[in-house]
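User: I would like to go through the aromatic side chains of this protein with you. Could we start once the model is on screen?
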Amino acid sequence: MNKIYEGIDKIRNNNKIRYFFNSLSFICVLYLIYLINLENINFSKLLNYTTVFLFTSIAFFYLAFAGSWSALIEKKFFNKRLIVLWLSSVIGKYIPTGLGVPLLRFEKLDKHEDNNSKIIILSTVKEVVYTLLSCIFISLLIFFEIYSGITNFTLFSLIAISFIYIIYNYLYKKNVNFFNFLITHIFLIIFLCYLSYNQFQKIRIEFILVYILSSIISILAIGVPAGLGIKELAFIQILSMIGSAEGAVEFITFARIYFVFFDLILFFIIRFYRKVLS
């Protein structure tokens with residue numbers, strides 16, 4: 001299994017693939033800016049009383065993600081040092097070439113005198129793989145919800161899986177990485193549901209599905225900083241193909257802005273935290 005992860009890492013480090021996706025990202029960003037100007041989006045709606053709830057959802061999403069990554073390394077969901085390390089590396093996803101996150105994790109580990117960088121590389125690749133698998137599984141749940149007509153099937157299914165896994169983990173003390181990452185995405189679903197309700201006064205389940213699918217596409221876009229441009233354009237184009245594009249530009253633009261704002265706030269919080277401890 002480790003050979004598979006190492007093979008994926010070699011693909012991620014292919015310069016030709018990176019150059020292609022970064023060029024595509026630049027074109028997508030230009031086109032997105034054009035669409036934003038065309039839509040005449042009202043950005044004053046970004047900051048209001050709902051922002052606190054949206055940021056709280058992202059905070060829980062990140063904390064759960066950090067805990068899941070920590071479990072990949074030390075088989076323990078809550079490891080304070082590794083969680084802080086993950087949070088401090090989030091800003092690295094905006095560095096071109098896709099190496100920012102692992103490089104920031106190396107830097108912090110060196111300060112803790114850990115010399116096994118291979119573990120960090122492998123755990124970062126595993127993190128990507130489990131994220132992809134989680135997104136695919138959630139997409140299947142949403143597909144079923146849409147075609148069966150069972151309202152909130154996806155959210156309630158994930159909550160049920162969470163309770164069963166928590167009980168299993170408590171009784172048998174066994175860590176299952178896939179379920180850690182899957183449960184983590186509950187907070188992303190909550191964020192997307194609330195963002196949808198805030199914009200449309202209802203939950204647009206097709207928007208959530210397409211957001212997850214576009215996230216998969218952006219993860220596969222090797223070397224692109226945070227999937228910038230590619231995720232947004234994939235989101236808009238898929239919704240256009242199924243005839244549900246109304247409000248798509250505003251939705252995906254606001255989602256991106258909220259995450260960027262939160263990442264910047266997190267960056268300064270972590271810097272302050274580390275300075276206080278040093």
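**Rings and charges**

Analyst: In this predicted model, the charged end of R204 lies over the ring of F200, at 4.6 Å from the ring centre.

User: Which ring does the charged end of K173 sit over?

Analyst: That is the ring of Y170, with the charged end of K173 4.9 Å from its centre.

User: Now to ring-ring contacts. How many aromatic pairs are there?

Analyst: The count is 27 aromatic pairs. One of them joins F65 and F181 in an edge-to-face arrangement, with 5.5 Å between the centres and 75 degrees between the planes.

User: Where in the chain do F65 and F181 lie?

Analyst: F65 belongs to helix α3 (residues 50-74) and F181 to helix α8 (residues 177-200). They are 116 residues apart, and the pair thus links distant parts of the chain.

User: Are F65 and F181 buried or exposed?

Analyst: Both F65 and F181 are buried. F178 and F179 also form an edge-to-face pair, at 5.4 Å centre to centre and 65 degrees between the planes.

User: Why is F179 classed as partly exposed?

Analyst: Because its relative accessible area is 30%, which falls between the 20% and 50% limits.

User: Which residues form the aromatic cluster?

Analyst: F65 and F181 are among them, together with F55, F61, Y62, W86, Y130, F191, Y258, F259 and F262.

User: Changing topic, where is confidence lowest and where is it highest?

Analyst: Helix α1 (residues 2-12) is lowest, with a mean pLDDT of 53, and α8 is highest, at 93. The chain has a mean pLDDT of 84, and 86% of its residues reach 70 or more. Where pLDDT is low, predicted coordinates should not be read in detail.

Methods: Residues numbered from 1 in each chain as written. Predicted model: local features only at pLDDT ≥ 70, side-chain atom pairs only at ≥ 80, totals over all residues. Heavy atoms only, no water. Phe/Tyr/Trp six-rings, centres within 6.5 Å; stacked < 30°, edge-to-face > 60°. Helix = DSSP H or I, 4+ residues; strand = E, 2+ residues; numbered from the N terminus. Buried < 20%, exposed > 50% of the residue type's maximum accessible area, 1.4 Å probe, protein only. Lys NZ or Arg CZ within 6 Å of the ring centre and 35° of its normal. pLDDT = per-residue confidence, 0-100.
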